[in-house]
Amino acid sequence: MFPSSDNDVILICTSILSLSEVLNSMPLRRLKRHTLFVDVLSVKEHPRNVLLRVLPENMDVLCTHPMFGPESGKNGWKDLPLVYEKVRVRDETRCSSFLHIFESKGCRMVEMSCEEHDKVAARSQFLSHSIGRILAEMGIESTSMNTKSFETLVKLKESTTNDSFDLFSGLFIHNRFAQQELMNLEQSFEKVKQRLLKKMSEQQSLSSV
């Protein structure tokens, strides 16, 4: 379903990987000259760049990321963060009216550049998804003697694998800071592993004396 010519605001809710394809298929010439485009993708530099490249100059662009989903927001949005950047906004009244939808529901409004968002998200959202996927590959399951910390790991695995692998891929492919965080994760794992092996070697040496 394509937007009609009388839309004041068009909300882009595609997957990260399909954004360019969806935008390129839209009949932009049929739209009002000053339409506001808003995206809600989990990365921000990518949609900002695509929207600025594809949309005519006279269309406004607001990049947003509601930092919650169906599970975390099922009991309301109070105090849940909504990150946004007014990338190209001429009609401030219309933009403010759209943002007020989230503000009126109690969201914590966080104005932040798309670049800063992706830096922070790479170290938080992408990292948590990566660890959750690793735990899933290990096949961890709840046990009869769970500690609280292990229960947290099981919940992390379940919450991240409930999301599609396309989402996880998009967080990596279209966030230029994610690759470094993945390398940091690998390097940190290796450091911990080497410390354990060193300690084991020391203990074995003492036992053989």
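Contact here means heavy atoms within 4.5 Å. By that criterion, and leaving aside neighbours within four places in sequence, K78 is in contact with K105 and G106. The model is a predicted one.

**Helix α4 against α5**

- The axes of α4 and α5 come within 8 Å and cross at roughly 100°.
- An angle of 65 to 115 degrees counts as roughly perpendicular, so α4 is roughly perpendicular to α5.
- On the α4 side the meeting residues are S128, H129, I131, G132, R133, L135 and A136, and on the α5 side they are L153, L156, K157, T160 and T161.
- By class, the residues of this contact of α4 with α5 comprise five nonpolar, five polar and two charged.

**Helix α4 against α6**

- Helix α4 spans residues 114-138 and helix α6 spans residues 165-173.
- Their axes come within 10 Å, and the crossing angle is roughly 135°.
- That angle makes α4 oblique to α6.
- The crossing of α4 and α6 is left-handed.
- From α4 the contact involves Q125, F126, H129, S130 and R133, while α6 supplies F165, L167, F168, L171 and F172.
- Six nonpolar, three polar and one charged residue make up the contact of α4 with α6.

**Helix α4 against α7**

- Helix α7 covers residues 178-207, and its axis lies 10 Å from that of α4, at a packing angle of about 50°.
- The two helices α4 and α7 are therefore oblique to each other.
- The crossing in which α4 passes α7 is right-handed.
- A122, R123, F126, L127, S130, I131 and I134 of α4 make this contact with A178, E181, L182, N184 and L185 of α7.
- The contact of α4 with α7 divides into eight nonpolar, two polar and two charged residues.
- F126 and S130 of α4 are listed in the contact with α6 and also in the contact with α7.
- H129 and R133 of α4 are listed in the contact with α6 and also in the contact with α5.
- I131 of α4 is listed in the contact with α5 and also in the contact with α7.

**Burial of helix α2**

- Helix α2 runs over residues 45-54, and its buried residues are E45, H46, P47, R48, V50 and L51.
- The elements covering these buried residues include α1 (19-24), β2 (36-39), β3 (60-66), β4 (81-88) and α4.

**Loop between β3 and β4**

- K78 is located in the loop between β3 and β4, and D79 is in the loop between β3 and β4 as well.
- K78 counts as exposed, at 61% relative accessibility.
- D79 is exposed too, with a relative accessible area of 52%.
- The phi angle of D79 is near 70°, which is a positive value in a residue other than glycine.
- K78 and R29 are 49 residues apart along the chain, and their C-alpha atoms are separated by 38 Å.

- T143 is in the loop between α4 and α5 and is partly exposed, at a relative accessible area of 40%.
- T143 and V154 are eleven residues apart in sequence, with a C-alpha to C-alpha distance of 9.9 Å.
- S159 sits in helix α5, which covers residues 148-161.
- S159 is partly exposed, its relative accessible area being 39%.

**Helix α7 and the UniProt annotation**

- An unreviewed UniProt entry places the feature "coiled-coil region" at residues 175-202.
- In the model, that span is 89% helix and 0% strand, and its end C-alpha atoms lie 42 Å apart.
- Q187 is found in helix α7 and counts as partly exposed, at 42% relative accessibility.
- Between Q187 and I12, 175 residues apart along the chain, the C-alpha separation is 37 Å.

How values were computed
Residues numbered from 1 in each chain as written. Predicted model: local features only at pLDDT ≥ 70, side-chain atom pairs only at ≥ 80, totals over all residues. Heavy atoms only, no water. Axes fitted to C-alpha atoms, helices over the stretch in contact; angles between N-to-C directions. Helix = DSSP H or I, 4+ residues; strand = E, 2+ residues; numbered from the N terminus. Parallel < 35°, antiparallel > 145°, perpendicular 65-115°, else oblique. Left-handed = near helix turned anticlockwise from the far one by under 90°. Nonpolar A, V, L, I, M, F, W, Y, C, P; charged D, E, K, R; others polar. Buried < 20%, exposed > 50% of the residue type's maximum accessible area, 1.4 Å probe, protein only. UniProt positions renumbered as here; feature names shortened; annotations may be inferred.
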